[in-house]
Amino acid sequence: MERRLRQLFVIDGLLLSGLAIILLIISRSVIADSWLGQAFLATIWLATLFWLAWQLAALVLNPMQEFAALPPEEWNSQAPYPELLPFIEALQQRQVQKEENIRQRQEFSANVSHELKTPLTSISGYAEMIETGMAQQEDIKEFASKIHTEAGRLIALIRDILKLSELDEPQAAAELDWLPLLPIAQDTAGLLAFNAQRAGIDLRVEGVYSQVFAQRDLLEELVYNLCDNAIRYNHPGGWVRVSVQDEDGGVLLTVRDNGIGIPPEHQERIFERFYRADKSRSKASGGTGLGLAIVKHIVLQLGAKLSLQSQVGQGTSISVWFAGKDAGRNAK
């Protein structure tokens, strides 16, 4: 486009120069001393300038208008100017991202509606049976227990939804600080000790006292969800190991288990909201389907790196790598 514009300006400049010479000759020989003649020449000059500007704009804009009428899939092959290709690619990427965001929001709304409807239907059904006297006296305690369980599922689900909404907002740099990861992992795992014991899972934490640049509640949420997921998808008599190690100039948090594992075809989507590799087991374990999605959001929020290794029947290992202090200084 730049080359074409230069050519057009050169041509216009030559035309204007020629016209100026012709008008100068006419003015000297015919109307050199007439103000009316000079005004006439000035009008012709301005009209010519306007006409040339209009033609120049048309030469540049007409291909753009024709291009704008094309469907997006033909943009790359029909670009009027090569200089527009980076701009076209950026627009296409933004359009794809916009469509993906719309799809995710629609899918998320549908999933939330379904996940909320299921326990609410159960609560409403048991409550109605008690209210109308359909439940026997000896069944009331059992129904109340089920109502309590379903209400707990609702509370956990709403909590995770609110957490995801909170994580969608970027954290201010002032809220982050260098924190020792191992004590936080130990304290958080301690909150799950009873759940692990009840499930027959051996939960242990080990490692080094290295620091990561993060927010304490985000680290606690990260470790909690990773450990909770490893406990839920395990077998009685299984184990969960949480380790904090220095690696590649940073700090590596790893949560390993010897549970049911994740099939290869599900591993790329396991961090999506409400995605469950084993839907029947997820329902039975009481999970909300948002734990690993929260993990992914926290990792993105903290600028860390997430990796997963898993084999069906042998267990899963999820690692989060944080840049160390030296890496942070180098980045600056």
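Let's start at Trp178, which is partly exposed with a relative accessible area of 24%. Here, buried means under 20% relative accessible area, exposed over 50%, and partly exposed in between, with a 1.4 Å probe and protein chains only. Phe213 is partly exposed too, at 34%.

A word on the model. It is predicted: local features need pLDDT of at least 70, side-chain atom pairs count only at pLDDT 80 or more, and totals for chains, interfaces and linings use all residues. Residues are numbered from 1 along each chain as its sequence is written, and side-chain values use heavy atoms, leaving out hydrogens and water.

Now the rings. Rings of Phe, Tyr and Trp (its six-membered ring) pair if their centres lie within 6.5 Å; planes under 30 degrees apart are stacked, over 60 edge-to-face, the rest tilted. That rule gives 2 aromatic pairs. Take Tyr126 and Phe143: centres 5.0 Å apart, planes at 40°, so tilted. Tyr126 sits in helix α4 (residues 85–131) and Phe143 in helix α5 (residues 137–167), 17 residues apart. Both are buried. Then Trp178 and Phe213: centres 5.2 Å apart, planes at 50°, so this pair is tilted. Trp178 is in strand β1 (residues 177–180), Phe213 in strand β3 (residues 211–214). Helices (H or I, at least four residues) and strands (E, at least two) are DSSP runs, numbered from the N terminus.

Last, who touches whom between α5 and α8? Contact means heavy atoms within 4.5 Å. From α5 come Arg159, Lys163 and Leu167; from α8, Asp217, Leu218 and Glu221.
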